[in-house]
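Please look through the sequence and the model below. The briefing that follows is grouped by topic.

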Amino acid sequence: MRSLSSKTSKEPEDLKMPKVKIWSLSCVECGDCVVRCPVNVLSIDDNGLFVSDSASCIGCRICEHVCPYGAITVKGSVLNSIPKRPLPYFPDPIEGDMKEVEMGFSSLHDAQIEASRCINCPDPSCVWGCPAHNDIPGFITAIKNGDIKKAGEVLDQTTIFAAICARVCDKEAQCEGTCALNLAGAKPVSIGLLERFVADMQIQPPLERKADICSGDFMHTLTQSNVQSKPQVVVVGGGPAGIAAAYWLLSTGVKVRILERDDRLGGVLSWGMPGYVLPRNLVTSMLKILEQFENLTISLNCTLGKDVRLNELCKNYDAVLLAHGASIPPSLSLYSSHLKGVVDARTFLENSHLPDKATDHLFGQSQADGENLPLLVIGGGDTAMAVCRTARRLGKHPLSIRRSKESDARVRHDELLQAVKEGVSVRFGTRVESLEENNGAIKGVVLAPSSKSFWKLIKDTSYMDVDGMVIATGFKVDNSVGAGILPPLPLHPNRSLDDMPRTSIEASGLSERGPYSTIAKAVLLHERSLEMVTQPLRDNCWVAGDALNGPSSVVEAMAQGREAAKGIISALGVLITAEPV
């Protein structure tokens, strides 16, 4: 009998190597594990039994995740190299420095080292995690081979303006969050940085693009040359969803008119994304590419319901796409909006793009030493972090508060860490008890902690003078658009998840029943949204982006815009001459 000392001295070394165990009594020999193992560890022997070769196992645990009966277990470490990501740029001093914080790969060699970490899953879960369904293994393989042009062509099949998407995409919750390595407990492949590297190395997207549109049993390749009678489509909203839809429609020769209520296109990309996250020149380049299409008409400062009515659009155009996004700030009534120095996040961010000190008039410096007082930011999500980090670059001292706990905040983990690194103060579990004013301007606030229960509050207050207050609790959809004509927007697709086909998604290892149920549900929501945007809500009226399912990510909106364009093209097929290929 071995002693305890001998057991502890030998087994830890053995446990580092992954070991696969097949529980034969639970195995139904479906073969899912065999076809999805990226390194051929599993096979069927001459007796028809499933066997494993642990010596070749890399510990990715894909077999364990896809087995519907729990007949496989994998123990040991994940055998994969540690990623070498470029270090972020943190300016010192920070005031006035809008240089991009996230750094990309500086050479093809560095990108290839990271690309080599991809294990080329036969049924890649990262593709399901990406709302645009980019062929992630495909473009990463091209990087491995040093073929950046090919990598760009792979991305062009499903996305446009990849340089923007790669910077603003919520990678932790999407492609990298569903990477097989991440699901196994290791560091995921830096998919976003690899996409960014390819996009930054590429020339601008080609104006003459062929768009493959699937319609029934045919695959149509549509170009301007085979359009006999050009359909006319109006897109309401010039944000991510609207721009993406317009791009794909224009690429097939369709005439497009964009109605935008602001004085410029871009939506949140123009007014809500600070330059240190998304350089302004990338947004400008995107809009210049779009504006080169001859079949495009842009109507700025045009508001649906005021300058034009939905019924008129539906009557005068072959198709209407509502992609007006979620840009309405929350009501300030609870926070004494009449006081000077209380503003919403959009107002603050829009003014931050103006010349130096353009935000000072919003707060008025009501105290003599106002520059040293904290700027209170209500909210702890992505919007709040954008406000806080921008405020730091404007010389202010932001304090972000949110009444719920950190784990409930809709904020990217990397952005939260960067905000704290830049000097932003963040307090979760804190709320505003009351405000104090002085001559019509906010003077200070009384803060109080909130308990685990949202409504059960703890009386333990503290007072502080503030320079101002920004309400940054996100944005909402203008539900007056289409009122009386369409169902109330947004539709919230999660209400109809029960009838979603799950076979393909679960086959990649993302199951609502497993340990990754939260990620799996998010993927299902993406799929439901992509399915819904292909069909009109009424006659010839489609809805896509935040207008469909409420505030979401830029890449989700762009993916929905693409799918809505495909649905419109399919519905207008009678106007297009297309041959089966």
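Asp382, Met385, Ala386 and Arg389 in helix α17 meet Glu415, Leu416, Gln418 and Ala419 in helix α18, where contact means heavy atoms within 4.5 Å. By class, this contact of α17 with α18 has 4 nonpolar, 1 polar and 3 charged residues. The model is predicted: local features need pLDDT of at least 70, side-chain atom pairs count only at pLDDT 80 or more, and totals for chains, interfaces and linings use all residues. Residues are numbered from 1 along each chain as its sequence is written, and side-chain values use heavy atoms, with hydrogens and water left out.

**Terms for the helix pair**

- Ala, Val, Leu, Ile, Met, Phe, Trp, Tyr, Cys and Pro count as nonpolar, Asp, Glu, Lys and Arg as charged, and the others, Gly among them, as polar.
- Helices (H or I, at least four residues) and strands (E, at least two) are DSSP runs, numbered from the N terminus.

**How α17 and α18 cross**

- Two packed helices are described by the angle between their axes and the distance between the axes.
- The axes of α17 (residues 382–393) and α18 (residues 413–421) come within 10 Å and cross at roughly 25 degrees; axes are lines fitted to C-alpha atoms, for helices over the stretch in contact, and angles run from 0 to 180 degrees between N-to-C directions.
- Helix α17 is therefore roughly parallel to α18 (angles under 35 degrees count as roughly parallel, over 145 as roughly antiparallel, 65 to 115 as roughly perpendicular and the rest as oblique).
- The crossing of α17 and α18 is left-handed, meaning that the near helix is turned anticlockwise from the far one by less than a right angle.

**A sheet of 3 strands**

- The strands of an open sheet follow the order β15-β16-β17, with antiparallel pairing; two strands pair if DSSP finds at least two bridges between them.
- The edge strands, each pairing on one side only, are β15 (430–438) and β17 (462–465).
- From one strand to the next, the twist averages 25 degrees.
- Strands β15 and β16 (residues 441–449) run antiparallel and are joined by 8 bridges.
- Thr430 stands opposite Pro449 in β16.

**Tyr463 in the sheet**

- Tyr463 belongs to strand β17.
- With a relative accessible area of 36%, Tyr463 is partly exposed (buried means under 20% relative accessible area, exposed over 50%, partly exposed in between, with a 1.4 Å probe and protein chains only).
- Leaving aside neighbours within four places in sequence, Tyr463 is in contact with Glu436, Lys443, Gly444, Val445 and Val446.
- Tyr463 and Leu435 are 28 residues apart along the chain, and their C-alpha atoms are separated by 9.3 Å.

**Val523**

- Val523 is found in helix α20 (residues 517–532).
- Its relative accessible area is 2%, so Val523 is buried.
- Val523 and Thr178 are 345 residues apart in sequence, and 9.3 Å apart in space, C-alpha to C-alpha.

**Backbone details in loops**

- A cis peptide bond, with omega of about 5 degrees, joins Asp92 and Pro93.
- Pro93 lies in the loop between β4 (72–75) and α4 (108–115).
- Phe161 is a residue other than glycine with a positive phi, near 55 degrees.
- Phe161 lies in the loop between α7 (148–156) and α8 (162–168), and counts as buried at 7% relative accessibility.
- Asn301 is not a glycine either, yet has a positive phi of about 55 degrees.
- The loop between β9 (296–299) and α14 (310–316) holds Asn301, which is exposed, with a relative accessible area of 52%.
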